[in-house]
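I opened my notebook for a friendly look at this structure. My plan was to jot down what I looked up, one entry at a time.

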Amino acid sequence: MNESTLFLITFILYILAAFFYFIFLFAKREKSANTGFRIACLGLLVHTLALIWRTIESGHAPFTNMYESLSFLAWASILAYVIIEGKYKIRKAGPYFMLIVIGIMALASSPLMPKEATPLVPALQSYWLWLHVSVTLLGEAFFAVAFITSIMYIIADSREKKGIAKGSGLTSEKLDSISYRCVAVGFPLFTLGGLVFGMVWAYKAWGTYWSWDPKETWSLITWFVFALYLHTRIVMGWKGGRSAFINILGFLAALFTYFGVNYLLAGLHTYA
Amino acid sequence: MKSIIRFFSSVKLAIFLIIIITLTSILGTFIPQQRSVAEYAARYDQYSNLLIRLEVTDLYHSWWYISLLFLFSLNILICTLSRFTPKFRRAFRPKLEFEKKNLLSAKINDRIKKSWSIDSSEEGVKKELSSRHYRIKVNKKDGRTHLLARKKILGLFGSDIVHLGLLVILLGAIFSGMGGFRTSINISEGQIVPVLNADFKLQLDKFETEYWPNGSVKDWKSTLTVLENDNPILTKTVEVNHPLSYKGFVFYQSSYGWDWENPTLEIRATKNTDPSFTEIMRLKLGEKVKMNEGNIEISLLHFVPDFILNERNEVATRSLEPNNPAAFLEGWQDGEKIFSGWIFAKYPDFARMHSNVETDLKFELKGYEAAQYSGIQMSKDPGVNYIWAGCVILMLGLCLAFFWFSREIKIILEDDQGKAEIIASGLAAKSKEAFTFEFENIFTSLRRSK
């Protein structure tokens, strides 16, 4: 038994959960959704063990290279999904969400991602690594849930407009409000982890709290997009389609901050 | 003036500015910033001049980007202030007189009749509401009792506090930009350097590099002492992530290197014809050393740590790491140059000597040393404390805005032919479902109570 075995078991559990969720989606069997949810929770548990194992084995936080950080993102996403599902019953989002998580896990286990734990470069040896990365990724995980529910909103809305029967309780109106709630949790987390903790750490490690590094700039851009979402929604009363569209843009910006910047733009954040 | 204020208090302007700032910020991440003119010319050809003139090449410090941020700050300030007074009045000087029809036309409302007296119904309502942590204000007028029950009222100000935090952060950024500076210095062990614009000096006592078992760098540590009038004040070991702060200045471990301008070399001379002959010399750059053999003087003219021939076939160094140390020697005898050439520490057989006089001496570069220096970044940032204060305010505001939902219940108690009529309306800015649920519970429980 080691970390990669636990990772593999997690991966299989997530695939299994997705499988049951899809049976629920196509065969409309409520029971399958429950099974899917339980398997996803079990996966989350095994995944937690895998992360703890990795931390003990490597002696540092489990998000210092792309493999680790993707694995942690998948973990945070499942956690966010389980919380939102537990609170608002969005099981119909389950199959799509599990697909995203499986995508992240597949990317993490691809041979392109170096998996061996390497010793930390001096700049990363700080407890701010824990605070900055974990809180930011958790915030982004909630954005991911909001992304799925926003897409589902657009689909549900167009169906309702065509007069096709409403789904099992998850109306477009409810999807719109759940998307907002995910942002309401994700936004403060992202602000705290990504921007505030990021600035504190940058000040301690690089001597300046802000240096317009592409990753910093892109996290500010992400923040602006969600600020736009909140203001158009709360102050100007935008709801529904336009709101969902901005939400999707926000998640894409977060995704670009996470991935795109590393591969397309050079900067100070060249660790992971 | 009024129209200016109206212009800046518009949320539409804020949204317009957010979009513009976002788009221009994106542009700045795709065009490399603060590079040389030559690099832009190579990259963008005929457009490079235009980009430089528009300051897109240093976008985040350009006058127009800073102006946008300034307009945005003004917009936030005026937007917040213009909405603050009515909100403040509503929160702290609320109207305590309600109209029946207003309450009944609210989205969340209820009315019940109880066979209570007005006083006891007031008691009952108060008890029910305060058990749910509502704070109650009472106003009795014209035989009617008006009750205003509220909780988590600070939640109303969440967005204002977020905006205040942002303004404090932007203010801090102005102070940082105007009064702050950053410079890097290289200090060798034992060296004392003055600190720019400060009344103290800095001494490097010790510098060391720690390695992981696999050979990669674990940490750089510089032991620094602050000297005031040549008296040591404090000593601290500075590492990456652990800077030293003193009198508003902060000192960071930022780089390291060797002082290859002043190396000390060890050179071994041997003879092809006489294997028993060997002579070792230690010399510094520019120094001339007399050999014991044959009245020959050796002088060291050049040293490079990482020898390379550049495209013009000149000697250069590829890096400051000692990957391929090389030295240029000359040999003199009786005032005449007899040989000269490069010798390489890693490739002793590669030595190229041009001899004017026949000699069978062979030279090898056996050792090379230079003082290691520590790269310390000195900075002073008078805005940084504003930034942290702003961050705290910002987070506090976000917590209030997203997790501290204000709720308000307005109640009129009226005597209706010996019975008490209770008319109520409820208002919650956010989390409406949860509030509706609470509101219904309150009235179910009031209906049941005797």
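**Where the chains meet**

I began with the contact between the chains, and found 35 residues of chain B in contact with 32 residues of chain A. This is a predicted model, so I kept that in mind as I read on.

Next I asked which elements of chain B give two or more residues to the side that touches chain A. I then sorted the residues on the side of chain B that touches chain A, and noted 22 nonpolar, ten polar and three charged.

**Domains of chain B**

I looked up how chain B is divided, and wrote down domain 1 (2-90), domain 2 (99-152 + 406-448), domain 3 (163-259 + 374-396) and domain 4 (264-368).

**A helix pair in chain B**

How do H5 (residues 63-92) and H8 (residues 158-179) of chain B pack? I found an angle of about 150 degrees, with the axes 10 Å apart. The angle is over 145 degrees, so H5(B) is roughly antiparallel to H8(B). The crossing of H5(B) past H8(B) is left-handed.

For the residues that meet, I listed B:Leu69, B:Ser73, B:Ile76, B:Leu77, B:Thr80 and B:Phe84 from H5(B). On the H8(B) side are B:Asp160, B:His163, B:Leu166, B:Leu167 and B:Leu170. My tally for this contact is seven nonpolar, three polar and one charged.

How values were computed
Residues are numbered from 1 along each chain as its sequence is written. Chains are lettered from A and ligands numbered from 1 in the order in which they are written. This is a predicted model: local features need pLDDT of at least 70, side-chain atom pairs count only at pLDDT 80 or more; totals for chains, interfaces and linings use all residues. Domain bounds come from an automatic or database domain assignment. Two residues are in contact if their C-beta atoms, placed from the backbone, lie within 7 Å. Helices (H or I, at least four residues) and strands (E, at least two) are DSSP runs, numbered from the N terminus. Ala, Val, Leu, Ile, Met, Phe, Trp, Tyr, Cys and Pro count as nonpolar, Asp, Glu, Lys and Arg as charged, and the others, Gly among them, as polar. Axes are lines fitted to C-alpha atoms, for helices over the stretch in contact, and angles run from 0 to 180 degrees between N-to-C directions. Angles under 35 degrees count as roughly parallel, over 145 as roughly antiparallel, 65 to 115 as roughly perpendicular and the rest as oblique. A crossing is left-handed if the near helix is turned anticlockwise from the far one by less than a right angle, and right-handed if clockwise.
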